[in-house]
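Here are my notes on the model, as numbered points. Have the coordinates open while you read.

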Amino acid sequence: MKGADLLERPRLRLGVAAARDESDPHAILLYDELRITRSVVRITPREFTWLQWFDGTHSLSEIHRAVPAAEQTDARSALRGLADRLNEALFLDSPRFRDILFGPVREPSCIGCYPAAPAAIRIQLLDYLGMARGLKAPRPRRRNSKRLRALLAPHIDYARGNVAYGCAYRDLPALTDAALFVIVGTSHYSAERFTLTRQDFRTPLGIAPVDQPFIDRIVEHYGDGLFDDPLAHIPEHSIELEVLWLQFLLENQRPFRIVPMVVGSFHDCIEMGQDPSAMPDLTRMVEALRRAEAAAGEPVCYIISGDLAHIGPKFGDPDPVGESVLTRSRECDQAILNHLERADHGEYFRFVAGEQDARRICGLPPTWTVLQAVRPSGGQCLHYGQYVHPRGHESVSFASMAFFA
């Protein structure tokens, strides 16, 4: 369908939601649940009834004819105005929106978690590095000639993860001379197991280019299905928050490329009691990553973007998070970290499966995938943190770890 037709037959896109305007009982607010845009469009109840026809099959003229005769006088121009406002806000499946989905560059979606101004970003991240130094957190132990193979970093928002990010990244430039970083993060917005993107990542610090040949090799060895959900990466924060750190740390040292991949849930493995290493798609991806790296002809460093437990009413638990629950969760997290320090991805999965993932360990899929692919000799925990809401509404835990060859 041509661009003009897409606007003449408007289609409301996936993720647009409605809520009452608390300040005006006669207005309805449209917003984006997927956070692809932060636009909010205020519409009238009459306009809200028209949205039922914004399905891509009805032209504006057909919608106008369906409007009650008593309202048709001004409905034609109002319908066009509504379509234009929704298109401007990126709420329609239109050429503007498709440019975002399929254009060469992914625009930032996390400004607000970090400042928009480059100078302010550098100050913020420097503060986190300073916090890590002030904490006197352990430094990675690089034994003999062993090189950094992978880094586990949080993807919780910067304000809550602050020092954990500083501990994760403060020594990265000294621990690896890699200019190619495979960033494997938790997928929060897609039901697909694995999703790649060929879009370069833009942040206020510049553009991080994607290594297209590496992606080509993954696709060659894995097969189809890695680009089935173009929405998976647009609102996703687990890649962008790591890209910004790489830009900040390496901007005056060396150019680098990235391979961005998000990994979906392992709930099927947990429910079936099936070890992930027996799942064909997972073993195929592990092998594809190994082969893609073997053919790279240069050092490759992996960044795992994942957190630990998510507990409390915000995540569906019945009771506020109290000290006894937090203590038990810390003990379970420590058991997980012990497995990770031995780089034992099998025991890591079995521990989470033994809990039936009751604490929602979102970092399981990317961490398991990377550890299985790179087979490090061991890991070192650099920081552990546990955010707790003041009224116990939620708690999220996270860790920073370095894995060596």
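1. The side chains of Asp32 and Arg13 form a salt bridge with an N to O distance of 2.7 Å. The term here means a side-chain nitrogen of Lys or Arg within 4 Å of a carboxyl oxygen of Asp or Glu. Asp32 belongs to strand 2 (residues 28–32) and Arg13 to the loop between helix 1 (3–8) and strand 1 (16–20), so the pair ties together parts that are 19 residues apart in sequence. Helices (H or I, at least four residues) and strands (E, at least two) are DSSP runs, numbered from the N terminus.

2. Before going on, some housekeeping: this is a predicted model, where local features need pLDDT of at least 70 and side-chain atom pairs count only at pLDDT 80 or more, while totals for chains, interfaces and linings use all residues. Residues are numbered from 1 along each chain as its sequence is written, and side-chain values use heavy atoms, with hydrogens and water left out.

3. For the cut-offs, buried is under 20% relative accessible area, exposed is over 50%, and partly exposed is in between (1.4 Å probe, protein chains only).

4. Across the whole structure the search turns up 29 salt bridges. One of them pairs Arg98 with Asp93 at 2.8 Å, N to O. Arg98 is partly exposed, with 34% relative accessible area, whereas Asp93 is buried at 15%.

5. Arg170 and Asp171 also meet in a salt bridge, at 3.6 Å, N to O. Arg170 counts as buried at 13% relative accessibility, and Asp171 is buried at 12%. Elsewhere, salt bridges with shared partners join Asp157, Arg160, Lys314 and Glu394 into one network.

6. Arg160 has a ring contact as well: it lies over the face of Tyr387, 4.3 Å from the ring centre. The test is NZ of Lys or CZ of Arg within 6 Å of the ring centre and within 35 degrees of the ring normal. Arg284 puts its charged end over the ring of Tyr222, also 4.3 Å from the centre.

7. On to the rings: there are 9 aromatic pairs in the structure. Phe194 and Tyr222 make an edge-to-face one, 6.0 Å centre to centre with 80° between the planes. Rings of Phe, Tyr and Trp (its six-membered ring) pair if their centres lie within 6.5 Å; planes under 30 degrees apart count as stacked, over 60 as edge-to-face and the rest as tilted. Phe194 is buried at 2% relative accessible area, and Tyr222 is buried at 9%.

8. Trp245 and Phe248 have ring centres 5.9 Å apart and planes at 80°, so this pair is edge-to-face. The two residues are 3 apart in helix 10 (residues 240–250), about one helical turn, and both are buried.

9. Last, helix 4 (residues 75–88): its 14 residues should span 20 Å at 1.5 Å a residue, and the end C-alpha atoms are 20 Å apart, which agrees. The expected span is 1.5 Å times one less than the number of residues. Buried residues in helix 4 include Ala75, Leu79 and Leu86. Leu90, which follows helix 4, has a positive phi near 65°.
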